[in-house]
Each structure stands twice: as C-alpha cells, then as structure tokens.
Amino acid sequence: MKDKNVIGIDVAKAKLDVFDSKTGRHTVVANTPEGVDALVRGVAPAKTLVVLEATGGYEGLLVEALERRGVDCAVVNPLHVRHFARGCGMVEKNDKLDARIIARFGEVVRPEPREAPSASEAKLKALVHRRDQALAHLGAERNRLQQTRDPETAEMIRQGVAFYRAQIREVDKRIARVLEQCPQLAAKSRVLQSCPGVGVATTATLLAELPELGRLNRGQVAKLVGVAPIAKDSGQKQGQRKTYAGRSMVRKVLYMAALVATRYNARMQAFYQRLLAKGKAKKSALVAVMRKLVVTLNLMVRNNETWSEPSLAIDKN
C-alpha cells in the first residue's frame, strides 16, 4: 500500500474535485453516474489509493463505483483532515485546496481502505439509516403536535405521526428479514442479542455502522465509537479526560442500550452502581457502561460467544 499513488477527492453534491498526487493534476468532474464512471475508468486499481471525506451520503455513488472496479478507497473523518491541514499551516479552504490536502493526508497517514460491504450489509445500512431518519421525523411531528392549537392542523400532524410509526414498524420487519437471511449477519446478531439490553435496533446499527466489531482490541473499539476517555496532559498538568468524536449513530443506540442494561443486565447494573458509590456523576457512569458494553460486545463477536457462556472475559489487549 505504501507504493500506491494517492488520489484525493473533495466531494460535493454536484461535483468532485480530484487531485492526483503523482501528476499534480487537478480536475473537476460532475458527481453523476456518467461523471463518476468516466473518472473511475481512468484509475489503475492495483496502483491507486483514493481518499475522500465522509459527506453524509454524497460520496456514495463514487465509493460504489470504486469498489466495483476494485480500487482501494478510504473514507476518512473530515475533522481529521481539517486538523491535518492546520498542522501543515494551510488555513485557506476551497474545493481545489481541499482535494490537494486530502491527497497529502492520504500520503502521510495512509488510512486503511474500507472493505466493500456485501449486498446484505449494504441493504442493512440503508435500512438502519432510514429508521434513524423516520425516528427523527416522528419526534419532530410529536413536538409540532404539542405546539399547535388548530384542530385541522393537529389532525394532519397526527396523520404524519401515524405514517412514520407505520414506516418504522415496516423498516424493523425488513431489518429482521435481512438479519435472518444472511448467515454471517445472523450469526453475529445471535451473539449480540444474547446480551441483556441489546435488542434488534441496537444490533442492526452496530452491524451496519461498526463493521469492525470483533476485529479490534478494547482500546481501538472504544476510541472508534467515541466512548474512550482521551488524555489531555501537558508537562505537570493533568487535564480532565473526556470522550471525543466517534460514530454518532453507534453512540446513540449504545446510550439507550446502556440505560436498559443498568436496569436489566446484572453485570452492567453492578458496574454502574459501583461507579455511583464511588461518587461518579450519573452521566459519567453511564458513559463508562457504554464503554464496557461495546468492549464486551466486541469480544463476544470476536470469540463467537454468547452472553451466557462462562468463558467470556474482558479483553486485556
């Protein structure tokens, strides 16, 4: 991978700014099927690493095309690239410069290429995202219903509430179907749902948004999710350790799972109560439960062990 040419791409809704670190050439192509296909056809699969930022979905067309052609592709955190740019003294920002700095980031950091998801994994991720969107719309409609005083408007909002509730139920059925029909996902789902506090929604989100689960050590998975306390020490000063960044959708479902686990999972409940007895704030103690939970689930998937199996032990690596 070190010998590969790095191409940095700044992704926008309508266009792609492309910088080739080998030739120093900057090009702009449309973020359309035709534009993406023309771009990807000119990339040598065995000799290239394409680096781009996560944009919330606008990169999907490009990533799929690169994966079909067998080109290594790394989708990186935009915040990491911005910090890297500042460290290099680049305070200016435009699409052309962003493509160049993304390529430079790829050359220096050499991020790991993402593994192409299977058809079932891609379907699961799409359904998980739609469920999250429908939940957000449902919450917004409920808030509007509380605020409106007009009966006719209130009835329209109730129809919206009913629509999103029905869609969430339908999405849940489709998620369950995907988890049942794919042997690999079914095996992991069985392991994850054996843990008290972890339901289908949490399981689906973990499998869709944290495909690395089971392949990392405890520190790596906690940092990736954003529930690891990050040191901020300098000289003799010891700063307060706080969690930082990570994958927001995973943290969201882990928070709910941790809440349930502190009531119905004996091991997590005892851990939570010990922290409170030591004077930990409830919020800090709950984050610690989230961390312990994801570390434990990571180990369970790695060892293909269900919660009830006595050989389960927290990873020491």
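This is a predicted model: local features need pLDDT of at least 70, side-chain atom pairs count only at pLDDT 80 or more; totals for chains, interfaces and linings use all residues.
Residues are numbered from 1 along each chain as its sequence is written, and side-chain values use heavy atoms, with hydrogens and water left out.

The domain assignment divides the chain into domain 1 (5-109), domain 2 (120-181) and domain 3 (208-303). Such bounds come from an automatic or database domain assignment. The centres of domain 1 and domain 3, taken over C-alpha atoms, lie 32 Å apart. An unreviewed UniProt entry lists residues 7-147 as "domain: Transposase IS110-like N-terminal". UniProt positions follow the numbering used here, feature names are shortened, and annotations may be inferred rather than shown by experiment. Residues 7-147 are 52% helix and 20% strand. The end C-alpha atoms of this stretch are 50 Å apart. Helices (H or I, at least four residues) and strands (E, at least two) are DSSP runs, numbered from the N terminus.

Five strands form an open sheet in the order 3-2-1-4-5, with mixed pairing. Two strands pair if DSSP finds at least two bridges between them. Strand 3 and strand 5 (72-76) stand at the edges, each with a single partner strand, so one side of each has no neighbour in the sheet. The twist averages 25 degrees from one strand to the next. For this angle, axes are lines fitted to C-alpha atoms (for helices, over the stretch in contact), and angles run from 0 to 180 degrees between N-to-C directions.

Strand 1 (residues 5-11) pairs with strand 2 in the antiparallel sense over five bridges. Gly8 has Phe19 of strand 2 as its bridge partner. A hairpin of three residues joins strand 1 to strand 2. Strand 2 also pairs with strand 3 (residues 25-30), in the antiparallel sense, over six bridges. Here Lys15 stands opposite Ala30 of strand 3. Four residues lie between strand 2 and strand 3 in their hairpin, and Gly24 in the turn has a positive phi of about 70 degrees. Five of the six residues of strand 2 (residues 15-20) are buried, so this strand is largely enclosed by the rest of the structure. Buried means under 20% relative accessible area, exposed over 50%, and partly exposed in between (1.4 Å probe, protein chains only). Strand 4 (residues 48-53) and strand 5 pair in the parallel sense over five bridges. Leu52 is bridged to Val75 in strand 5.

Glu115 is found in the loop between helix 4 (95-109) and helix 5 (119-147). Its relative accessibility is 59%, so Glu115 counts as exposed. Not counting residues up to four places away in sequence, Glu115 touches Glu67 and Arg215 (contact means heavy atoms within 4.5 Å).

The structure holds two aromatic pairs. Rings of Phe, Tyr and Trp (its six-membered ring) pair if their centres lie within 6.5 Å; planes under 30 degrees apart count as stacked, over 60 as edge-to-face and the rest as tilted. The ring centres of Phe84 and Phe105 are 5.5 Å apart and their planes meet at 85 degrees, so the pair is edge-to-face. This pair links distant parts of the chain, with Phe84 in helix 3 (residues 78-87) and Phe105 in helix 4, 21 residues apart. Phe84 is buried at 16% relative accessibility, and Phe105 is buried at 7%. Phe163 and Tyr164 are also edge-to-face, at 5.1 Å centre to centre and 75 degrees between the planes. Phe163 is partly exposed at 46%, whereas Tyr164 is buried at 16%.
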